[in-house]
Amino acid sequence: MAKYNENKPVHTGDPVVETKRTYIEHRAYWMALLRDEVRKAGGDMEKVGRAAIRRCGCFQIDENFRDKMNDKTSLKEFGDLFMAEPIGFENKAVEMTEDVMHVEMHYCPLLNAWRKLGFSDEDCALFCDIAMEGDRQFAQ
């Protein structure tokens with residue numbers, strides 16, 4: 001889990017990106033604290049959280065990407081749009097074809113927020129996997 005210790009932004013100083021990062025961190029606070037309270041109350045936030053975030057990913061892809069795409073089924077076209085807009089994350093396209101979209105994340109404001117709240121690497125890994133349920137919908 002050493003990769004979680006390397007979560008440092010390289011690109012700083014852009015007020016638009018910094019504002020987006022702040023909003024994304026706020027979303028991460030909600031997610032982590034909601035999961036923590038549901039767990040304390042005896043509920044299964046992982047199951048519920050995954051389902052809710054998958055649903056969110058479905059409408060985000062429609063609202064933010066498909067309307068801009070000529071070929072609504074093209075993974076390559078989606079990937080190009082996804083990588084074009086600075087949203088606060090720092091990532092790099094490793095491979096972008098019609099069959100593969102491999103992106104490496106170098107900085108994540110969600111992870112930054114979870115670390116600020118003092119969650120363990122194990123919790124952060126789980127939160128990350130749950131949060132990626134929305135991203136996984138982009139690829140479907």
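This is a predicted model: local features need pLDDT of at least 70, side-chain atom pairs count only at pLDDT 80 or more; totals for chains, interfaces and linings use all residues.
Modeller: A residue is called buried when its relative accessible area is under 20%.

Biologist: What makes R21 buried?

Modeller: R21 has a relative accessible area of 4%. The cut-off for buried is under 20%, so R21 counts as buried. R21 lies in helix α1. Setting aside neighbours within four places in sequence, R21 is in contact with P9, H11, T12, G88, E90, Y107 and P109.

Biologist: L34 also lies in helix α1. Why is L34 called partly exposed?

Modeller: The relative accessible area of L34 is 48%. Partly exposed is the range between buried, under 20%, and exposed, over 50%. The value of 48% falls in that range, so L34 is partly exposed.

Biologist: How do you know that the span of α1 agrees with its number of residues?

Modeller: Helix α1 has 26 residues, and at 1.5 Å a residue these should span 38 Å. The C-alpha atoms at its ends are 37 Å apart, which agrees.

Biologist: What makes D14 a cap of α1?

Modeller: A side-chain oxygen of D14 lies 2.9 Å from the backbone nitrogen of V16, at the N-terminal end of α1. The limit for a polar contact is 3.5 Å, so the pair at 2.9 Å falls within it. After α1 comes G42, with a positive phi near 90°.

Biologist: How do you know that the span of α2 agrees with its number of residues?

Modeller: Helix α2 covers residues 45-64, and its 20 residues should span 28 Å at 1.5 Å a residue. Its end C-alpha atoms are 27 Å apart, which agrees. At the start of α2, the backbone nitrogen of E46 has a side-chain oxygen of D44 within 3.3 Å.

Biologist: How do you know on which side of α2 its buried residues lie?

Modeller: The buried residues of α2 are M45, G49, R50, G57 and I61. They cover an arc of only 115° around the axis, so they sit on the same side of α2. An α-helix has 3.6 residues a turn, so residues three or four places apart point the same way. The exposed residues K47, V48, R55 and E63 are carried by the face of α2 turned away from the buried side.

Biologist: Why is N7 called buried?

Modeller: N7 is in the segment before α1. Its relative accessibility is 10%, and the cut-off is under 20%, so N7 counts as buried. Not counting residues up to four places away in sequence, N7 touches H106, Y107, C108, L111 and N112. The side chain of N7 reaches the backbone nitrogen of C108 at 2.7 Å.

Biologist: Now a residue in a loop. Why is D99 called exposed?

Modeller: D99 has 72% relative accessibility. Exposed means over 50%, so D99 counts as exposed. The loop that holds D99 runs between β1 (90-96) and β2 (101-107). The C-alpha atoms of D99 and Y29 are separated by 34 Å, and the two residues are 70 apart along the chain.

Biologist: How do you know that C108 and C128 are too far apart for a bond?

Modeller: The cysteine sulfur closest to that of C108 is in C128, at 6.0 Å.

Biologist: What makes C108 buried and C128 partly exposed?

Modeller: C108 has a relative accessible area of 12%, under the 20% limit, so C108 is buried. C128 has 25% relative accessibility, which lies between 20% and 50%, so C128 is partly exposed.

Biologist: What makes a set of residues a nonpolar core?

Modeller: The residues must be buried, belong to a list of nonpolar kinds, and be joined through side-chain atoms within 4.5 Å. The largest such core here has 15 residues, and M31, L110, W114 and F127 have the most contacts inside it. At least two residues of this core come from each of α1 (15-40), α4 (109-116) and α5 (121-138). Another core, of six residues, lies apart from it and includes I61, F65, L75 and F78.

How values were computed: Residues are numbered from 1 along each chain as its sequence is written. Side-chain values use heavy atoms; hydrogens and water are left out. A disulfide is a pair of cysteine sulfur atoms within 2.5 Å. Buried means under 20% relative accessible area, exposed over 50%, partly exposed in between (1.4 Å probe, protein chains only). Helices (H or I, at least four residues) and strands (E, at least two) are DSSP runs, numbered from the N terminus. The expected span of a helix is 1.5 Å times one less than its number of residues. The arc is that of the directions from the helix axis to the C-beta atoms. A polar contact is a pair of N or O atoms within 3.5 Å; within protein, one must be able to donate a hydrogen and the other to accept it, and residues adjacent in sequence count only if both atoms are side-chain atoms. Contact means heavy atoms within 4.5 Å.
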